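I opened my notebook to write down what I looked up, step by step. Have the structure beside you and follow along.

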Amino acid sequence: DEGGLKNELFELVAPQLFETKNGLFVVVGECSVDSSLYFNRRRACSRSLREYEKVGIFCGLAFAQGIPLAPARLPTVVFKKLVAWSREENGTSNGVG
């Protein structure tokens, strides 16, 4: 199987999580090819924060398994924060980020 079912789960769920119709994310950018998703500021209630936390857990599981999430077109700043946090957790922070 080589992780086929696991990969398929992430491939099926990820597009639904990052769908702008759900209201968690909004499209930022002029061109649809280069556009990024960003957190929808209008959904800043405690229920939404739990939803964002679940999306974060899902992404963390995917990244830990080495599964790319194509629909996760988040801004570069989010990935820089993730890398900086990862370095801090592993004790390899070099002060960049």
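**Entry 1: the nonpolar core**

I began with the largest nonpolar core and found 16 residues in it; Phe10, Phe18, Phe25, Val55 and Leu69 have the most contacts inside it. For my own reference, a nonpolar core is a set of buried Ala, Val, Leu, Ile, Met, Phe, Trp, Tyr and Cys residues joined through side-chain atoms within 4.5 Å. Helix H1 (4-17) and helix H2 (46-64) each give this core at least two residues. H2 supplies the largest share, five residues. I also noted that in soluble globular proteins, nonpolar side chains tend to be buried together.

**Entry 2: what kind of model this is**

This is a predicted model, where local features need pLDDT of at least 70 and side-chain atom pairs count only at pLDDT 80 or more, while totals for chains, interfaces and linings use all residues. Residues are numbered from 1 along each chain as its sequence is written, and side-chain values use heavy atoms, with hydrogens and water left out.

I checked the pLDDT (the predictor's confidence in each residue, from 0 to 100). The chain averages 77, and 77% of the residues score at least 70. Confidence is highest in E1, at 85, and lowest in helix H3 (residues 76-90), at a mean of 72. A reminder to myself: where pLDDT is low, the predicted coordinates should not be read in detail.

**Entry 3: the layout**

I counted three helices and two strands in the chain. Helices (H or I, at least four residues) and strands (E, at least two) are DSSP runs, numbered from the N terminus. Read from the N terminus, the order is α-β-β-α-α. Of the 97 residues in the chain, 25% are buried; buried means under 20% relative accessible area, exposed over 50%, and partly exposed in between (1.4 Å probe, protein chains only).

**Entry 4: the aromatic rings**

How many aromatic pairs does the structure hold? I found six. Rings of Phe, Tyr and Trp (its six-membered ring) pair if their centres lie within 6.5 Å; planes under 30 degrees apart count as stacked, over 60 as edge-to-face and the rest as tilted. Phenylalanine 25 and phenylalanine 39 make a tilted pair, at 5.8 Å centre to centre with 40° between the planes. This pair links distant parts of the chain, 14 residues apart: phenylalanine 25 sits in strand E1 (residues 25-28) and phenylalanine 39 in strand E2 (residues 36-39).

Phenylalanine 39 counts as partly exposed, at 32% relative accessibility.
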